[in-house]
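Here's a quick look around a protein chain, starting with one pair of neighbours and then stepping back to the whole thing. Have the structure open as you read.

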Amino acid sequence: MTTTLPTVTTVPRRRVWWHTGAMLALLVCAAYAAHRHWPVLETGVDRLAVADQGWLLLGATAAVATWACSALAQQGAVAEPLPGARLVAAQFAASAANHVLPAGLGAGAVNVRFLMRCGLPAGRSASALAVKATAGVTARAFLIAVLAGFCPGLLRVPRVSVAAVAALLAAAAVLALVVAGPLRSRCACALATVAADIRAVHARPNRAAALWGGSLAFAAAHSLVLIAVTQAVELPLSPARVALLYLAASSAAALLPTPGGLGSLDAALAFALTTSGSPAATAASAVLGYRLLTVWLPLLPGLLVLGVLIRRRAV
């Protein structure tokens with residue numbers, strides 16, 4: 001009896017210390033991000049202080065809806081039922097983690113851990129994320145095609161130099177050689193797993209509807225956030241044009257692996273709005289408002305939720 005007591009008492013204490021350290025690390029990351037970008041936050045708040053509060057409230061509501069849409073799409077990507085409340089909380093936490101780590105690594109890690117805690121193997125968890133990501137890209141391309149028909153001439157194909165085309169072709173050739181060589185078996189296995197999961201999801205109409213409906217609604221909700229902010233600051237562009245510019249700019253910004261698209265998305269959005277005829281100051285205010293509603297205000301609460309989920313071993 002006396003020999004087993006230290007083992008029983010020290011294991012929970014170690015877990016408590018590990019969970020507490022993880023939560024403190026997340027809080028430090030949030031404080032560092034806020035301190036680093038504080039001038040941007042302060043300027044955005046000053047500009048938005050005189051904006052239409054009703055439109056900003058609509059934008060905030062749309063920002064909250066993005067987490068529910070993401071949860072719906074994630075549920076649609078797996079055949080097994082997932083706990084609804086924890087699923088939404090995990091998406092909220094994943095969105096915050098995505099703004100700390102680059103190229104979506106934070107969101108991917110949180111979602112993989114969540115699915116594994118729900119009983120899915122690691123391989124199937126990663127495959128579910130791939131199914132969701134594929135549906136998200138397809139839904140975004142569909143919305144761009146539809147909106148481009150309503151806003152002809154808004155999007156222009158940029159001129160690409162011969163050197164840039166050659167560099168892209170060379171990179172594609174190297175990637176093809178790597179995939180066809182050392183990684184051939186692994187890539188084939190991963191693609192087979194993803195294909196099997198896609199077939200399993202689409203064999204159940206309710207899961208397919210959740211996957212595609214959630215993916216479309218997620219992109220539409222983010223577009224609505226920017227539309228509401230542009231209306232609040234009286235930016236002279238129609239909602240359809242703003243939505244199209246957002247979808248195109250965010251797709252282009254995804255090519256740069258920055259945390260949550262910070263910097264790349266801001267520049268792409270500001271460039272798209274100004275080249276479409278908006279005043280530079282108003283466009284900058286709209287971008288800052290969009291970032292305030294989708295990144296800065298939810299960042300600290302999202303990291304706190306992530307810390308709670310880690311402590312409860314939900315992710």
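## Where two helices cross

In this predicted model, start with helix α9 (residues 205-232) and helix α10 (residues 239-253): their axes come within 9 Å and cross at roughly 125°. Since angles over 145 degrees would be roughly antiparallel and 65 to 115 roughly perpendicular, α9 is oblique to α10. The crossing of α9 and α10 is right-handed.

Who does the touching? On the α9 side, look for Ala219, His222, Ser223, Leu226, Ile227, Thr230 and Gln231. On the α10 side, the contact residues are Pro239, Val242, Ala243, Tyr246 and Leu247. Sort the residues of this α9 and α10 contact by type and you get eight nonpolar, four polar and no charged.

## The whole chain

## Cysteines

How many disulfides turn up in a search of the whole structure? The search finds zero.

Cysteine 118 has a relative accessible area of 26%, so it's partly exposed. Cysteine 151, at 6%, falls under the 20% cut-off and is therefore buried.

How values were computed: Residues numbered from 1 in each chain as written. Predicted model: local features only at pLDDT ≥ 70, side-chain atom pairs only at ≥ 80, totals over all residues. Heavy atoms only, no water. Axes fitted to C-alpha atoms, helices over the stretch in contact; angles between N-to-C directions. Helix = DSSP H or I, 4+ residues; strand = E, 2+ residues; numbered from the N terminus. Parallel < 35°, antiparallel > 145°, perpendicular 65-115°, else oblique. Left-handed = near helix turned anticlockwise from the far one by under 90°. Contact = heavy atoms within 4.5 Å. Nonpolar A, V, L, I, M, F, W, Y, C, P; charged D, E, K, R; others polar. Disulfide = S-S within 2.5 Å. Buried < 20%, exposed > 50% of the residue type's maximum accessible area, 1.4 Å probe, protein only.
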